[in-house]
Amino acid sequence: MIVYNYDEISKVYDDVRDGDYEIIKEMLRCSDLQVGDNILEIGCGTGNYIKMMPECFNLYGIDQSTGMLLKAKEKCNNVAFTAGDAIRLEDYKDNQFDLIYMVDVIHHIKEEEIFFNNIYRILKDNGRLYIFTDSHEHIKNRLTTKYFPKTLKYELNRYQSFDELAGLLTCNNYKNIKSGIVNMPPVKNYGKLLINIAKKRAYSMFTALSDEEINEGIKNIQLEIDKGINIEYHTGATYIKAQK
């Protein structure tokens, strides 16, 4: 079993990742939030998303990694952070939150039935849940899949399909289940950043690769850069949302 040490990776996490405000805008636009409402980010990491939330809300974040939370606390002094179990959510009361969201987290969850049941417990009536994750189609078209092809099988095995997630939500009594995509502007000259990400193994998928496989992918990216090819990152934030 591959173990990804988030306390260790927290040291380089912010070198290669940041939040996308378009994701926050999508949730604010569609969630009918009011001043003083309670918002929880599950798997908040170093706080790259929760720091973008308006301070008129009561903000909470939970993560199992104390290393990640130390970074988050440096950025956000208006968020109640908890180091705890994101599956059982024992630190939160019934019917506490108006909005719960997670970004690039659900594929790490292995006890989905328990997880969704506990989220349902702490959501208020008509409260909303947003799960930002990659669809299987998106995974197949990633740049990481192009340059590091052995990540594909690993990623498809651990990412739940949207149909699977919708089925789990339905079985746990969620309503108004929908999927969508938040379009992002392309990132130009992405090759050098991708090389940096791979060298630091800053994405968990790279734990599945040998040093030789990492180096081969880096070599192929560098060859394209040397030829003057502009490697662009075209992406959108795919999500599934539901309501209690």
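In which strand is the place of Asn58? The place of Asn58 is in strand S2, which covers residues 58-63. The notes below take this residue and several others in turn.

1. Basis of the note. This is a predicted model, in which local features need pLDDT of at least 70 and side-chain atom pairs count only at pLDDT 80 or more, while totals for chains, interfaces and linings use all residues. Residues are numbered from 1 along each chain as its sequence is written, and side-chain values use heavy atoms, with hydrogens and water left out. Helices (H or I, at least four residues) and strands (E, at least two) are DSSP runs, numbered from the N terminus.

2. Not counting residues up to four places away in sequence, Asn58 touches Gly36, Asp37, Asn38 and Ile39, where contact means heavy atoms within 4.5 Å. The side chains of Asn58 and Asn38 are joined by a polar contact of 3.0 Å. A polar contact is a pair of N or O atoms within 3.5 Å; within protein, one must be able to donate a hydrogen and the other to accept it, and residues adjacent in sequence count only if both atoms are side-chain atoms. From Asn58 to Asp85 there are 27 residues in sequence and 20 Å in space, C-alpha to C-alpha.

3. Asp63, also in strand S2. Strand S2 holds Asp63 as well. Is Asp63 buried or exposed? Asp63 counts as buried, because its relative accessibility is 10%. Its side chain reaches the backbone nitrogen of Gly45 at 2.8 Å. Leaving aside neighbours within four places in sequence, the contacts of Asp63 are Gly43, Cys44, Gly45, Met68, Leu69, Thr82, Ala83 and Gly84.

4. Ile24, in helix H3. Helix H3 (residues 21-30) contains Ile24, which is buried because its relative accessible area is 0%. Ile24 and Met53 are 29 residues apart in sequence, yet 7.0 Å apart in space, C-alpha to C-alpha. Met53 is one of the residues that Ile24 touches; the others are Tyr49, Met52 and Tyr101, not counting residues up to four places away in sequence.

5. Most residues other than glycine have a negative phi. Leu89 has a positive value, near 50°, and Asn95 has a positive value near 55°. Leu89 is found in the loop between strand S3 (79-83) and strand S4 (97-103), and the place of Asn95 is in the loop between S3 and S4. Leu89 is at 0% relative accessibility and so counts as buried, whereas Asn95 is at 42% and so counts as partly exposed.

6. Asp134, in a loop. Asp134 is found in the loop between strand S5 (123-132) and helix H6 (136-140). With a relative accessible area of 11%, Asp134 is buried. Its side chain makes a polar contact with the side chain of His138 at 3.2 Å and with that of Arg142 at 2.6 Å. Arg142 is also among the residues that Asp134 touches, together with Ile139, Tyr159, Phe162 and Thr238, not counting residues up to four places away in sequence.

7. Helices H5 and H9. Two packed helices are described by the angle between their axes and the distance between the axes. The axes of H5 (residues 112-122) and H9 (residues 162-171) come within 10 Å and cross at roughly 55°. Axes are lines fitted to C-alpha atoms, for helices over the stretch in contact, and angles run from 0 to 180 degrees between N-to-C directions. H5 and H9 are therefore oblique to each other; angles under 35 degrees count as roughly parallel, over 145 as roughly antiparallel, 65 to 115 as roughly perpendicular and the rest as oblique. In this pair, Glu112, Glu113 and Phe116 of H5 meet Glu164, Leu165, Leu168 and Leu169 of H9.

8. Helices H10 and H11. How are H10 and H11 oriented to each other? The axes of H10 (residues 191-200) and H11 (residues 211-226) come within 10 Å and cross at roughly 165°, and the two helices are therefore roughly antiparallel. The contact is made by Gly191, Lys192, Leu194, Ile195, Ala198 and Lys199 of H10 and by Ile214, Ile218, Ile221, Gln222 and Ile225 of H11.

Note on methods: Buried < 20%, exposed > 50% of the residue type's maximum accessible area, 1.4 Å probe, protein only.
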